[in-house]
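Please open the model in a viewer and keep the selection panel at hand.

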Amino acid sequence: MADTRIRTPEEAVARIAYLSSDVVISVQPSLAADTEFSTTLKQLASRKEQSLVARSSDAIPEIQSVRHNADPLLSVFTPIRSGRLVSATTTSSILLPSVAHLYKLANLPVVIHVALSPKNFPDYSAITSIRNSGWTFLQSWSLQEAQDIALTAHALAIRSGKGVIHFFDPSSGAGAEAIEVANVDVVRAVLNLDNVRRFQSAPVSGSGIYADDGQVAVVSEQPEPLTRPSGVPEHATAEADVASPTITSQSSVKSSQQSTTSSPPSVSTATTIEASAPLVSSEDIFKYTTSIWDQLNQLVGRHYGAFEWTGSAKAENAVFLFGSDLALFYNAIAQAKSGDSFEGAGIIAPRLYRPWLGAKLIEALPKSVKKVAVLEQVSRKTTKYGPVLIDVLTSVKSAFGGVESIVGYQLGYVTKATIKQALDGVFQNLALEKPVQNLEVGEREVPQESAEYNLEKPKLEISYTKILDQLFGSRAYVANSLDSDNAGVSNTISATPEYGFGSLLARKEKRQKFISEVKEAAANGRFLTDVPKRALTKWLSGADDGKKAEQAAEEVISKLEVENSTVSKNLLKNKALFRKQSLWLVGSDAWAYDLGNSGVHQVLASGENVNMLIIDSTPYSERAAADANRRKKDIGLYAMNFGNAYVASTAVYSSYTQVLQAMDEADKFNGPSIVLAYLPYFGEHESPLTVLTETKKAVDLGYWPLYRWNPENENKGEPNFALDSERIKKELREFLDRDNQLTQMMRKDPQFSAILSEDFGTEIRAQQKRKAKDAYNQLLEGLFGAPLTILFGSDGGNAQSLAKRLGTRGRARGLKTTVMAMEDYPVEDLPTEENIVFITSTAGQGEFPVNGKPLWDAIKDSTELDLASVRYSVFGLGDSHYWPRKEDKVYYNKPGKDLDRVLANFGATRLADVGLGDDQDPDGYQTGYSEWEPKLWEALGVANVEGLPEEPAPITNEDIKLASNYLRGTIAEELLDTSTGAISAANSQLTKFHGTYMQDDRDIRDERKAQGLEPAYSFMIRCRLPGGISTPKQWIQMDDICNTLGNETMKLTTRQTFQFHGVVKGKLKAAMQAINRSLMTTIAACGDVNRNVMCSSLPSQSKYHREVFACSQKISDHLLPSTSAYHEIWLTDDNDKKVQVAGDAVQDFEPLYGPTYLPRKFKISIAIPPHNDVDVYAHDIGLIAIKGPDGHLLGFNLLAGGGMGTTHNNKKTYPQVGKSLGFVETSQVHIACEKVMLVQRDHGDRKDRKHARLKYTIDDMGVDVFRSKVEELWGQKFEPAKPYHFDSNVDTFGWIKDETGLNHFTFFIENGRIEDTADFQMKTGLREIAKVHKGEFRLTGNQHLILSNVADEDLPAMKKLMAQYKLDNLHFSGLRLSSSACVAFPTCGLAMAESERYLPVLITKLEKCLEENGLRQDSIVMRMTGCPNGCARPWLAEVAFVGKAFGAYNMYLGGGYHGQRLNKLYRSSIKEDEILVIMKGLLARYAKEREQGERFGDWTIRAGVIKATTEGRDFHDGVAEEDEEEEE
Ligand code: SF4
């Protein structure tokens, strides 16, 4: 049951606003960060509480959350004009920036509830500075008052038809007792629903907010004859009995008898005029208010007045308080001791602050009062006399009465402890014959609580300012930087462009002056020698050029310092000015709302050489505000239209290098520069992953294009515009078209034209749906038989292939079948279907798959669908064991079941009961399906059709390989097709053999689909790099490739090689050629062939390593495919006419592989004991190097049949460790490997790819039989295996000296990702190192990197570089150093959950617990993969997480520390919170219970947490959770 008591003023106010409005605008720091107001509003809305003013009886008010810096009051216009009552809840920080709207809204019954800020000591100048905006202002000082006055505000707005601002100090209720919620009947009575209805039924016309459409409030104390023109809303007449008989018909504000502002200025030139405003005088307002308070008094017994006096009726001294803590003053005066200067004084305070009713003040003030102290709580004074002092002076002085002296004070921070002292100060001064005006009382310094809206400069923004630092170092000057303390200037002011701009200009002037001084000194200065003069003259010649000035500065300064004359000393006082600063102004997208009047405009119009960095933080998914008025202006377009500015649009989470380039160009540009920087976030502590995905969507879809515009380029004959992303929005395209810039750019970069001419949008999507459906219908025309529409919702492809097969079978039975994705189906056609079948899989927590959701969303809440003439059936696919917890079992096949129920509810008739396919059934979903399908044919009357044709067998990988003409397929032709970024499915299989395959960016897949675009296809390219050794030159070449042809990052893989992502089709060939130019290749890096051969990196023994490494190369070369297709497709030049493509009879020959290659991938690795850093047990062939007594390589123990990949819930699949076949000599090792591979080639399962790896062949055949087959082919026998010992499978970080005296450093590269971020320029650093490194790089099997073979004399330079780029940092927890993750999202098509982007986050969350248990230094091998394919070899880790669904993982425990033992499933489908609880519990136990030297994996087994897996075939045995389930 809801709590009926209220504890904070915001809560009280929010509830009243909720009950009294149709729309509540909730102003928030960000949409993800709630305020006290918004929390209450949301709670009420979630309880579906109703508004008392809603027109229909069941309507709940609309809560619109708006960010505080996104011009929140703009949201008021549309609803209020359509006759909806609008209120807003906010802090005072938005008031001043919203002043233009306040004027326009004053004549509409809007209520704004303002919690004054800063929270612990509010600044009332936020109120006084808008006092003449024509609004009525009411204030409250306590929790109870907040509730009553909030209600008064709404009732008053409705009665007067005018805007009311209710303001209060939110801490005024602190510590007070909770109050009862206002009784709804009281609220209803006070609001007066008749008045409400009158307003709601007479919407206000007027539309453009830029028109002069508001008229100011009409308040007057000088009655004028009443002229009530026609058109005055009825309610004004209805209130005639209380209204003043006289009103003005013209705008005029009389704030006091000595009003200074009678008519607020017009905001823009008028084009349309709002309908006549209700004419209401200040007297009317007073009367309405008093009548509301009378009513309240009768109903609740509390009394309120326009001015409230507390104290003796005979008091001679009084305090007029305009501040927050009325009770504090009241109590202090009440407790005054005799003799206290303030004894017997009274306090008066304005509850109705505007309109200012001087006469009422006089009425409220006892006649005995002689002296009044006016206390104004303002932090910053802008005028000599406070505005309240002037109000009081003009009202009281001019009146009759005995007040002799009125003195103004600036009220500072006062507490219980200091109140007496403050009051003494006030009254002692007041008693003086000539009291001091404007005396400050109380503390100036206010204890700082964190400012509530400090999001204006969120922490994330630091990424951009950091880049400024990196680029310009000490030259960078940020006028309004985060940390700069602008003494005496409030944060709000210092964040404005105007303020920063002024300060930059002052800086520029100062430097100009300094240059003149230098000139003077160089010409006439009295130096001791001529040396300084020469240096100064040289400096002067380049003083305006950033770089030249920088270069000359050092010399000049040192010369002046040596000289030590008076002139030198004077110049040195400003020595920083010898450098030319890069002047920056940093601001937010809030500047984009009113460009014409903004500081942006000011900077552009000035033509000054200053740079603006404007950070836009609106997330892509929040971009589309329904209200067109709310849209931000495009600063980039505005600036480009201006003509004289450099403009760049950047996004650090999309392209780091483009940001660098833009900032550098902006700095060089001689004139104003604007760099727009995208950094979308929902809340202050946004995870970088969200920022990244939001950025990607925005950039990819052209909402936030990356570009640079340099008007100076024209002079060089180059296009002004450079597009750095691929898509641009319409407005930008139009701008460029106008200027012919686009044509110029396309001439230069022709690849853009195809993309730019594509269009997209939701209408297109709708049209596509219609077209697809019509095309089907056309196809079916002329066919006989009953129609059958089959719709599928499919994530993994199973539902789709079932649907297609059902379609084929239906056609064979003479039905007119249509098969399409649910999302492609125009839902309005549903009632016209005769027979319709749905096949849907289950996603996430029982949700529809992505392509099923739109249809489901469209029908689930529909109230209009009539499906009486439709016959239907549903088949669902799910996994009954997917959710381990009982309460989650409802998710099993939920979409199918839901759909079946809803269709029946709409009156449709079932053809067959819902069918449920379960992955756990013996044949998976086929079991359920084979029962369901016949029922469907039965119902359709086509069960017994004779002569059904045989169904063609599905095309398998084996067919594709066979038909490919030795891996050619039609790859070459498809590369030339620019109409799509994709290649066909068959060619996708074939390109794997060439080391590349197609992916799409899953972060933006759904968004692109929604926009009617094909997925963002790109290619992954994997190099072949036996043993993971690369030269420094190759490193630089790889770095170049990822920069220019890929996505600016590269991955060091778990198989010791380079991998690129994000290579688009058009750049694929260029990338392959570049890799080959660097003397690497990609052939057979993927595909059903022998892949990259791994080898322990072993930095400690270089000579021995060399011998073993040579074997890895030899094996790799020996097992390479021979097809010439690779060379033909990728390496021939475009003009080479001799290219052979499929169709020509190419006489290729594969002596080892044959035309169908291997049944599955084949992996070989070599470990050098005691290091198992390649996980030698995890590969098809694992070779363990054996050292002879002479210290040289003797040969290898050969293991066969290890492998990682499995399929969730398919017990026929399992990971396996390699089994020993015996020992083989060095000279024979490549031959032995070949023979193992050939036995697998001939005996591997080619029918079932899930059962095709060597591990299954050996397990099915038995090791001995397999060995004998190998020996038979080989003609030799394996010797017995030799003894060896492993002690770990992780890397050893830091420096090591090898036996030859060379040095090696192992870097920690988290999950192998080489990239630059604003915090860590790892990629740049490694490139710099590669430029000078004379040795080699070794990539490790754990995805780290070794700087190898550094001579002693090169060490210092190397160490310096490493330190400069923070590459020597190894201060990571043991857990992090031993962790490893595969790529997964966003590129891997198989990923079910995040991996590389998430594991580091998870580890961070565990590190505190490690610390607490003293485990920080302990190495625990933890691995994560996004799916059970197992690329990061998770099954051998001590603890592993394997993706099951987005955000959910299967957890495994008990792997061996040196990779010798497989782990076992511990928990299924657990999410982060459970993972953390489990891990923390286990780590704490491990720390306590472990024995000396006992490893985590071993402990979990000894402690009985998990059963040991002895080999792959018992991987599924004894899994804790399953046992439980069987007991059910
Ligand atoms: S383990 Fe799965 S998700 Fe991770 S990279 Fe490999 S295939 Fe992709």
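Begin with helix H47 and select glutamate 1412 and lysine 1408, which lie four residues apart in that helix and are therefore separated by about one helical turn. Helices here are DSSP runs of H or I with at least four residues, strands are runs of E with at least two, and both are numbered from the N terminus. The model is predicted, so local features need pLDDT of at least 70 and side-chain atom pairs count only at pLDDT 80 or more, while totals for chains, interfaces and linings use all residues. Residues are numbered from 1 along each chain as its sequence is written, and side-chain values use heavy atoms, with hydrogens and water left out.

Glutamate 1412 and lysine 1408 form a salt bridge whose closest N and O atoms are 3.3 Å apart. The term denotes a side-chain nitrogen of Lys or Arg within 4 Å of a carboxyl oxygen of Asp or Glu. Glutamate 1412 is exposed at 57% relative accessibility, and lysine 1408 is exposed at 61%. In this scheme, buried means under 20% relative accessible area, exposed means over 50%, and partly exposed lies in between, with a 1.4 Å probe and protein chains only.

Next, select lysine 1405. Which residue forms a salt bridge with lysine 1405? The partner is glutamate 1472, with the closest N and O atoms 2.9 Å apart. Lysine 1405 belongs to helix H47 (residues 1399-1412) and glutamate 1472 to helix H48 (residues 1472-1489), so the pair ties together parts that are 67 residues apart in sequence. Both residues are partly exposed: glutamate 1472 has a relative accessible area of 24%, and lysine 1405 has 36% relative accessibility.

Aspartate 1039 is buried, at 2% relative accessibility.

For a network of salt bridges, select Arg475, Glu550, Glu554, Arg579 and Asp667, which are linked in this way. The model has 74 salt bridges in total.

Strand S45 (residues 1345-1350) is the next selection. Five of its six residues are buried, so the strand is largely enclosed by the rest of the structure. Strands are taken to pair if DSSP finds at least two bridges between them. S42 (residues 1303-1307) runs antiparallel to S45 and is joined to it by four bridges; asparagine 1303 stands opposite valine 1350. S44 (residues 1336-1339) is also antiparallel to S45, again with four bridges, and here phenylalanine 1337 stands opposite leucine 1347. S44 and S45 form a hairpin with five residues between them, and glutamine 1343 in the turn has a positive phi of about 75°.

Finally, select the ligand. The residues around it include Cys1382, Cys1388, Cys1427 and Cys1431, where a residue counts as near if one of its heavy atoms lies within 4 Å. What is the division of the shell into nonpolar, polar and charged residues? There are eight nonpolar, four polar and no charged residues; Ala, Val, Leu, Ile, Met, Phe, Trp, Tyr, Cys and Pro count as nonpolar, Asp, Glu, Lys and Arg as charged, and the others, Gly among them, as polar. Cysteine 1431 is partly exposed, at 42% relative accessibility. The count of disulfides, defined as pairs of cysteine sulfur atoms within 2.5 Å, is zero.
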